[in-house]
Amino acid sequence: MSLVTTTPTINDGPIIAEVDMGSDFNALTVRATVIQASTIFYDTPATLDKAERLLAEAASYGSQLVVFPEAFIGGYPRGSGFGVSIGNRTAKGREDFRKYHSAAIDVPGPEVDRLAAMAGKYKVHLVMGVIERDGYTLYCTVLFFDSQGHYLGKHRKIMPTALERVIWGFGDGSTIPVFETQIGKIGAAICWENKMPLLRTAMYAKGVEIYCAPTADSRELWQASMAHIAHEGGCFVLSSNQFCRRKDYPPAPEYVFEGSEEDLTPDSVVCAGGSVIISPSGTVLAGPNYEGEALITADLDLGEIARAKFDFDVVGHYARPEVLSLIVKDHPTIPVTFTSASTEAEEKTK
């Protein structure tokens, strides 16, 4: 049975809470929420305030796990070309990047500390999409926090899509974590990374049970990918996307949607959401929602994992390692190493 509740207005529209209460409580059950809401673009403090309001709302429904969209903190620069064409960059594009860089966060840093405090305050496990600033390179990153307010670690997107590669760096194999928590083993892959079979296989091998998929893809086709991953991996899939209108971004000419700006009104939907929660059998538990900002909640019966893997365990009884195998290079890739630092480290171990 689904309960739909209208809550106070945020961002000129109601947050709709969709709660699926139909799980079997004989096994450990986890109440999970995916947040579908927009960034306050170029205003990271205000976005953090909004995140806390949404987190408090989810906690009021008894959620133990809350997943936010890709790039919620720092923003997903939808429609922006950053003044790039082959062989050329514009002055405005460089300034756009400067502002985007300024809105990103350091990891660790004060914004991470605040997110950790929020997770502890509301006693929820938190999965948050951010734009991470590492010097002058940006990464599309997911941060993980436990319900005690501890920062667990991060995943950096290993393959940005299309023009994202102009503004984001590439993560390496050292940040493909699956964290063992009180509510299950939690990991994440971001947007079109989820289409990479080898990355998924690495996560399955780490035993992921609650597979988080923050995204910027609101197409109906995305739902097929999410259902496939849930069924393939024998895991719950929680996909969280932003719901954005043109007015959620700065107005032109400060911010321009390349190729479509003249066709947009302030109320035009530029990202329609589609956030969803899917069981290990491929059954949709809650969502997808294309109507507006929403809190989409379902109870996850973790007993479903064993029932699904009885049929198909992709890295267990259905694997053929003597025929097909995968090697994951999970060490950090560092562009510059100083021998003096290595020598100092060796001296300390003696």
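The accessible surface of the chain amounts to about 16100 Å², and 56% of this area belongs to carbon and sulfur atoms (Shrake-Rupley method, 1.4 Å probe; for residues, only the protein chains shown count as cover). The model is a predicted one, in which local features need pLDDT of at least 70 and side-chain atom pairs count only at pLDDT 80 or more, whereas totals for chains, interfaces and linings use all residues. Residues are numbered from 1 along each chain as its sequence is written, and side-chain values use heavy atoms, with hydrogens and water left out.

The chain has eight helices and 18 strands, taken as DSSP runs numbered from the N terminus (helices H or I, at least four residues; strands E, at least two). Of its 350 residues, 52% count as buried (under 20% relative accessible area, with exposed over 50% and partly exposed in between; 1.4 Å probe, protein chains only). Among contacts with a separation of 6 or more, 69% join residues 24 or more positions apart, a contact meaning heavy atoms within 4.5 Å. Glu57 and Leu295 are 238 residues apart along the chain, yet their C-alpha atoms are separated by 8.3 Å. Glu57 is found in helix α1 (residues 44-60) and counts as partly exposed because its relative accessibility is 21%.

Three cavities of 30 Å³ or more are present in the structure. On a 1 Å grid over the protein atoms alone, a cavity is a set of points where a 1.4 Å probe fits but cannot get out, a pocket is an open set with protein on both sides within 12 Å along at least five of seven lines, and lining residues have an atom within 4 Å of a point. Grid points are joined across faces, edges and corners, and a volume is the space filled by probe spheres set on the points.

The largest cavity holds about 50 Å³ of space. Its lining comprises Glu70, Tyr76, Arg78, Thr215, Ala216, Asn241, Gln242, Cys244, Tyr249 and Cys271, that is, five nonpolar, three polar and two charged residues (Ala, Val, Leu, Ile, Met, Phe, Trp, Tyr, Cys and Pro count as nonpolar, Asp, Glu, Lys and Arg as charged, and the others, Gly among them, as polar). Glu70 lies in the loop between β4 (65-67) and β5 (84-85) and counts as buried because its relative accessibility is 2%. In an unreviewed entry, UniProt places the feature "active site" at Glu70; such positions are given in the numbering used here, feature names are shortened, and annotations may be inferred rather than shown by experiment.

The second largest cavity has a volume of about 40 Å³, and its lining contains eight nonpolar, two polar and no charged residues. Strands β7 (125-134), β8 (137-145) and β10 (178-181) each supply at least two lining residues, with β7 giving the most, three. Among the residues lining this cavity are Leu65, Phe144, Phe179 and Ile186.

About 450 Å³ of space lies in the largest pocket. Of the 18 residues that line this pocket, Thr201, Val314, Val315, Leu324 and Leu326 lie nearest its centre. Helix α5 (residues 197-205) provides the largest share of the lining, seven residues, and the lining divides into 13 nonpolar, two polar and three charged residues. The second largest pocket has a volume of about 320 Å³ and is lined by 16 residues, with Tyr76, Arg78, Gly79, Thr161 and Glu164 nearest its centre. By class, 10 of its lining residues are nonpolar, three polar and three charged.
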